[in-house]
Amino acid sequence: MIDYFFGLPSLVQGLAKGVAVILIIFPVAAACSMAERKVCAWIQCRPGPNRALPPVLAWIPGIWILQRIGLFQLMADGGKFLFKEEPLPDHVHKLYYVLAPVVAMVPAFTTVTVVPFGAYLRPGGGVIPIMLANVDVGILAVFAVASLGIYSLILAGWASNSKYPFLGGVRASAQLISYELSMTLAVLPVFLWVNEPGSAGSLSLARVVEFQSKPGFWGGTWFVFTMPLSALIFAVALFAETNRQPFDMPESEADLVGGFHTEYGAFKWSLFFVAEYANMIVGSAVFALLFLGGWNLLPWLPLAELLGKLHHLTGSEVWLHPLVAGLLSIAIFVVKILATIFVFMWVRWTVPRFRYDQVMKLGWQKLLPLSIANLIAYTVGIYFLQQ
Amino acid sequence: MAVIPVKRRSLTLVERTYLPQIAGGMWTTIKHFFGPADTLEYPEQRPAIPPGYRGVPTLVKDPNGREKCVSCQLCEFVCPPKAIRITPGSVPEGAGIDQVEKAPQAFDIDMLRCIYCGLCEEVCPEEAIFLQKQYSMSGYSRAEMVNHKDRLYELGGTLPDKHFKWDVKKAAEKSGGEHH
């Protein structure tokens, strides 16, 4: 089976891997919307959606747990979005109106290609990251492609040909431009540190995790400890980039009805939603890779060392099998992503939306100077450290 | 009046970052996150009905199982939305309610009109109509939402009676005494 897979042309292999990742990301992104409703409900002292249950499944013992966590509600919602009528208002620019949700999905899924989501140990030693494309552009590709996602919002806002979506689109573009700068500047110190003098330069995300997996005190430290300000700026900019509250400007349902997706309904609308959550997943993954040590369980405890310890403790050879290592690393990484996404939701139901001028002020007058100062300070520091 | 100057302290640097406030808010929300839900999951859990609750209006019988309503129609006249419609009738022979002269032939309350004001209960001289604890009325048609006499008695049941006023009157008549 594995030999057959590696015997296939690389294009087919890549396609198969890509489809597999999309097949996982899409339902996970959809499940995130249910998670959001549940987290919201629990924070507001409500049980949340807990009623839907297909009568044919009611006899299964213990199925009520799935019913209580709203799994069937999620399926019912998904089915509803698939089968309900697709409204196409008369006043919209038809081509761009239909194109916008598709444009939203493409960057959301494309960024996954350069994000590693696990690692396995080579029998001879050494950690191989599991990712679709281990290219040197890494983080640059994520930023470049992720910022394309804004076109869908602008396109949707403009093609809807009505006031509220238009304002939503305008806000989205202004906000994205404002926070893109600080976000990029905030991660630069990480890559300055990772690309030590003498080593081949790389912006790959896998490289950052490798750096955080090094032995020794400084090697095993996650960047969130050594660069807390970078992590903070990146996190705030991430909230803004993914249009999450408190930076919910493009949508701002209180003043813009639904913002850019006011005129959308049915499946097209749900595509926007899935894209938003897919963006969140990728954003959380990048945050976990850059600042939270990727697939390492704890700071100063890299994956290889963890597996070695498990092997030592249990005396079982199974821990050294590449498959076990790969699955364990993916599990650790996924838990980190989910925890980050939970923080996203937690903040959303805690902090009220900023006013638009506050968003602009925070972006241009606070975060940008802060990230530039941060970059300069770390550049000088890293220069002396790596001399 | 004394003027009290209020000192307006400017925000400290930490406060201006807004981060401690966000952390405080998140602490509050996480407590709610793990706290119990305030929701009453309705069809399974029912709310406790307090005394004096004004639910669906019903007709009640006295402890002897006799119809109390004498179809005086006061409730029909007082009803602000005109939800009550009474057809008065004479007391049927052998119904065991010969202490009174009249009884309703038909007694309909249109629950689509009723506003649960309780004026019928207040005005009733016979203490025959009560707004009791039933709060959920539903039906598939307009006709179903009209409570007829038998349904009203079924909902109302029997309530204790302190006076038995017609029995007292009848006993007084029999013994040749004065009416109350």
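Which residue in β3(B) is the bridge partner of Ile86(B)? I was working from a predicted model, and there I found Phe107(B) to be the partner of Ile86(B).

I then looked up the strands around this pair. Strand β2 of chain B, residues 84–90, runs antiparallel to strand β3 of chain B, residues 102–110, and seven bridges join the two. On β3(B) I also noted two bridges to strand β5 of chain B, residues 146–147, again with an antiparallel run; in that pairing Ile109(B) has Asn147(B) as its bridge partner.

Next I turned to two helices of chain A. Helix α2, residues 10–43, packs with helix α16, residues 322–348, at an angle of about 50 degrees, and their axes are 10 Å apart. The crossing of α2(A) past α16(A) is right-handed. From α2(A) the contact is made by Cys32(A), Ala35(A), Glu36(A) and Val39(A), and from α16(A) by Ile341(A), Phe342(A), Met345(A) and Trp346(A). Sorting this contact by class, I recorded seven nonpolar residues, no polar ones and one charged residue.

Last, I looked at where the chains meet. Ten residues of chain A are in contact with twelve residues of chain B, and on the side of chain A that touches chain B, α2 and α16 each supply at least two residues. That side of chain A has, by class, eight nonpolar, one polar and one charged residues.

Notes: Residues are numbered from 1 along each chain as its sequence is written. Chains are lettered from A and ligands numbered from 1 in the order in which they are written. This is a predicted model: local features need pLDDT of at least 70, side-chain atom pairs count only at pLDDT 80 or more; totals for chains, interfaces and linings use all residues. Axes are lines fitted to C-alpha atoms, for helices over the stretch in contact, and angles run from 0 to 180 degrees between N-to-C directions. Helices (H or I, at least four residues) and strands (E, at least two) are DSSP runs, numbered from the N terminus. A crossing is left-handed if the near helix is turned anticlockwise from the far one by less than a right angle, and right-handed if clockwise. Two residues are in contact if their C-beta atoms, placed from the backbone, lie within 7 Å. Ala, Val, Leu, Ile, Met, Phe, Trp, Tyr, Cys and Pro count as nonpolar, Asp, Glu, Lys and Arg as charged, and the others, Gly among them, as polar. Two strands pair if DSSP finds at least two bridges between them.
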